[in-house]
Structure formats: C-alpha cells, structure tokens
Amino acid sequence: MRKRLLSLVTALVLACSLAPGIALADPGDPIPVTIEVGANGVPVDASGDGWTYENDKLTLQAGYAFTLEGGTLSVRVYNFGTIEGGTFEESVFNGSDEGEGAGIIAGGTFSNYVYNYEGSVISGGAFNDGGYNNGLRNEGVVSGGEFKIDVNNSGTIEGEGVFNAYIQNGNTRFEPGQNKSCIISGGTFSANIDNFGTIEEGSFSGEILSGGIIAGGMFSSTSSVTSNDEGTTTGGGTISNGTFKGLVTNGDSDPDYNAAAITGGTFEGTVTNYDAIEDGAFSFRVTNKEIGTISGGTFLSDVTNRGAIGGGFFALPIICEGGTVSASTFPVHTALTGLSIAETANAELVASFEKDSEETNCFMLKAAEGYQLPDAIAVSLGSADGPKLAAGTDYTYDAATGAVAIKKGAASGPLLLTASGVPVVAPAPEPAPPTPDSRPPTSDAKLLAATGDSAIPTVVAGIALLAAGALAASAAARRNRRTHRR
C-alpha cells in the first residue's frame with residue numbers, strides 16, 4: 001500500500017509539472033483580501049484576515065493585498081501590506097517612520113494626505129485634492145500613479161508617474177548630501193518645480209527653479225529653467241545634461257544666488273547667463289564665486305552672456321552684455337563653387353575660439369573636376385556681410401595645396417568661408433596627320449558617281465577619260481573618210 005501511495009504522489013507531481021494550466025502558488029505572493037466598507041465610511045467588521053479596525057484606525061498587515069468594496073473609507077489607514085483598490089477619504093500612512101515596516105500602494109483613489117515613508121512604494125493610484133489642501137510627502141519611492149496634489153519629495157520619483165501639481169524636490173533646510181539624494185529620475189511633470197535636489201530624467205513643461213543639480217531630462221518649449229545657487233547643495237545651481245527647448249536662465253541678477261554653472265546639455269531655446277553685475281547695481285559685491293559660468297553644452301539659439309563662458313558649442317553669435325568669453329566652438333559655413341572641404345575629424349565643420357590664442361583651426365580645400373584652386377579666399381564672421389577676417393593676420397591660405405589655417409583667437413563667432421574654383425580651359429585639339437583617303441582631289445576628280453553624290457574613285461576616273469579619248473579619235477577618222485569619198 002505504501003508503494004502504491006508513493007506512486008500516486010509521484011504521478012500527481014509529474015502531471016502538475018506537465019499540465020500548462022496548473023501552477024503552484026508562490027508563497028511570496030500577497031494573499032488577496034477584500035474589506036467591506038459600510039455606508040458610514042467604516043469597515044463593516046472589526047477585523048479580518050490581515051487587518052484590524054479600532055480607535056478610528058484601520059491597520060493593514062504585511063503579506064496581504066487589500067481591496068475596499070462598498071463605500072468610501074473615511075478613517076485613517078496605516079498600511080504595511082499592499083493596497084490595490086478602493087476609495088480613501090482620510091489620510092493614508094504607507095509604512096512608518098518608526099521602523100514598523102513598509103507598504104505598497106498599487107491602486108486606489110486618495111483624496112487626503114498620503115505619507116509614503118522610507119522603504120515604501122507607490123506604483124499606482126489616483127491622488128486628488130479632496131478640498132483639504134492635501135498633498136503627498138514622499139520619503140520612499142514613487143514609480144507610478146497620477147498626482148493632482150502637491151508632492152514634497154525627499155526620496156525618489158521614477159518610472160511613469162504623471163504629476164499635474166507643484167513639486168518640491170529637496171528642501172532648503174536639508175544638508176547638501178541629503179539634498180543630492182532627493183532624486184527625480186522619471187515621470188511627466190506639467191506644473192512648477194522647486195528643485196534643491198537632483199533631476200536626472202523626466203519630461204518637464206512647467207517652470208523650474210533649480211538651486212540643485214539638473215543632470216538630464218527633456219524640457220519642452222513651454223518650460224522655463226532658472227538655475228542658481230542658494231547654498232543648499234554642493235555643486236548646486238548646476239546644469240550638466242539634458243535637452244532644453246525653452247528659456248534657460250543661468251545665474252541670477254542677485255549675487256547671493258548667482259554661483260550657477262552650465263557644464264553640458266543641449267539648448268534649443270534662448271539662454272541668459274548672468275554675472276553678478278546688472279546695470280552696476282551690485283558692483284561692490286562682485287567675486288569670482290558670484291559669476292554664472294558656461295563651460296560646456298550645445299546651444300542652438302540665442303545666448304545672452306553677462307557672466308563667463310569657457311566652453312560649449314554655439315550655433316549663433318554670442319550676445320555679450322558685459323560678460324566674457326574665453327573659449328567656445330562655432331560652426332563653419334561655406335559658400336564654395338567648384339571646391340569642397342576635405343572631411344574633418346568631427347562630423348560637423350567647426351572652429352574653436354580661444355581668446356588671444358595663436359593656434360589655428362586647419363582645413364583643406366579640394367578642387368572639383370574641371371576646376372583648380374583659386375589664388376585667394378575670403379573668411380567672415382557670421383555671414384557674407386559680416387566683419388571680414390584679415391588674410392595673413394587672422395588666417396592664411398596656400399593656393400598651391402588648398403590649406404586654410406584660421407587663428408583660434410580670431411574665430412569669435414560662426415564663420416563663413418567663401419571661395420570659387422578657377423575653371424580649367426581645355427587646349428585646342430592638334431590636327432590629325434593626313435591619310436591616303438584624306439588627300440585633296442585633283443581637278444578631274446569632280447566627276448560624280450552614277451548615284452549622284454559620291455566622288456568617283458581615281459582609277460575609275462582615269463578609265464573613263466581614256467574611253468572618251470578613244471571615242472573622239474574614232475569619230476574624227478569617220479569624218480575624214482567621208483571627205484575623201486566626195
């Protein structure tokens with residue numbers, strides 16, 4: 001009997017492993033529990049599997065996934081399990097700040113304050129303003145959900161959440177290291193943001209005031225970014241990466257908040273780079289710390305500089321309003337006829353600017369087929385109507401090799417190189433040597449063939465002349481005979 005039971009168990013295990021529709025429960029999965037809520041807004045029962053209700057407080061334990069059914073819950077909730085659905089009218093405490101455990105909010109509708117403590121996660125749900133001026137305080141992780149309430153973030157916002165209300169990332173009262181760990185690394189944000197922490201990724205279309213770090217993200221044409229240093233973060237007021245299609249202001253007219261820096265990023269909208277002086281109002285407070293700086297990045301629109309620029313690519317001339325430029329890179333445009341420029345190391349034709357530098361940007365002109373290199377070229381700033389660079393001083397050109405060297409100290413804006421190749425004139429062809437068929441015909445060669453167009457060959461013409469002479473002689477002899485007969 002024992003052997004038969006063992007055989008049956010073995011067969012059952014094998015059948016379960018082979019049957020695709022049979023799955024054994026994962027002991028780690030939370031146990032689903034439904035809590036019925038009465039019309040008065042409280043649970044119908046006092047307790048159930050994984051939950052208890054007492055003193056107007058509903059406590060949800062770990063290991064269970066809870067869904068409310070019936071009415072709207074109007075009591076406080078302390079969650080250490082998983083909330084998957086229901087409507088919550090009172091505050092929800094997801095986890096605890098006293099180390100009691102962590103919770104998960106994966107769904108539901110919330111109309112009052114929500115506290116997401118360290119170690120806890122919000123991955124879904126709808127968070128609305130229930131008329132209590134409520135908001136979300138996040139010390140854990142928010143990876144999803146739709147938020148129509150203000151969010152005070154001192155943890156991490158990531159993933160695919162949608163945020164349609166004000167966000168404060170970090171806090172002026174935090175230490176620099178603490179602010180750095182307040183991170184936005186994903187989500188869609190349509191309202192204003194005060195950033196004292198770090199923005200790494202996300203899509204932004206509102207107004208961003210940043211005293212922290214922007215290290216990435218997509219900032220739409222409707223956004224505006226003001227970056228300055230309020231002393232809350234080491235390296236605060238820094239933009240090191242990201243794509244910016246709207247207005248960007250680096251630094252501030254108030255020197256107390258002006259130690260801002262752009263070290264990277266792509267800027268398609270207007271950029272204003274402040275220094276500590278605006279109309280002389282703050283001249284007595286100027287120090288190196290109080291100058292907004294740009295040392296890198298790609299700038300595709302207007303840049304107004306009142307600070308210091310030491311690097312970056314600028315598609316348009318820099319508008320200097322009291323600022324300084326010590327180094328930058330500009331595009332080189334060409335207007336060439338019958339010429340081209342040999343490929344350079346980088347994909348685009350660019351020239352580096354270095355203030356007072358004697359080093360050069362080197363290019364090589366090549367003549368197209370049918371052209372030769374010109375004796376001279378022209379280089380100007382901006383356009384054909386812009387200031388001309390001086391040949392021999394600002395640039396040199398070798399007409400024998402096509403080598404062009406433009407001094408870096410003179411390349412202070414986008415350049416236009418204009419040149420026209422010289423067309424190569426082909427020599428007149430030499431006459432071909434005479435051949436027997438090409439000798440001039442004799443006067444007697446004017447006879448035409450019977451077909452009417454072609455000249456009769458020389459031999460045929462000679463035969464024809466001999467025959468004609470013989471006929472003439474025969475006719476003369478016949479006339480003489482007739483005369484003697486008479």
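Because the model is predicted, local features need pLDDT of at least 70 and side-chain atom pairs count only at pLDDT 80 or more, while totals for chains, interfaces and linings use all residues. Residues are numbered from 1 along each chain as its sequence is written, and side-chain values use heavy atoms, with hydrogens and water left out.

**The sheet**

- Four strands form an open sheet in the order E41-E43-E47-E46, with antiparallel pairing (strands are DSSP runs of at least two residues, numbered from the N terminus, and two of them pair if DSSP finds at least two bridges between them).
- Its edge strands are E41 and E46 (395-397), each of which pairs on one side only.
- Strand E46 is joined to strand E47 (residues 403-407) by three bridges in the antiparallel sense, and threonine 396 stands opposite alanine 405 in E47.

**Serine 340**

- Serine 340 belongs to strand E41, which covers residues 339-341, and it counts as partly exposed because its relative accessibility is 34% (buried means under 20% relative accessible area, exposed over 50%, and partly exposed in between, with a 1.4 Å probe and protein chains only).
- Apart from neighbours within four places in sequence, serine 340 is in contact (heavy atoms within 4.5 Å) with Met364, Leu365 and Lys366.
- Between serine 340 and alanine 368 there are 7.1 Å in space, C-alpha to C-alpha, although they are 28 residues apart in sequence.

**Arginine 306**

- Arginine 306 sits in the loop between strand E35 (303-305) and strand E36 (308-309), and it is buried because its relative accessible area is 18%.
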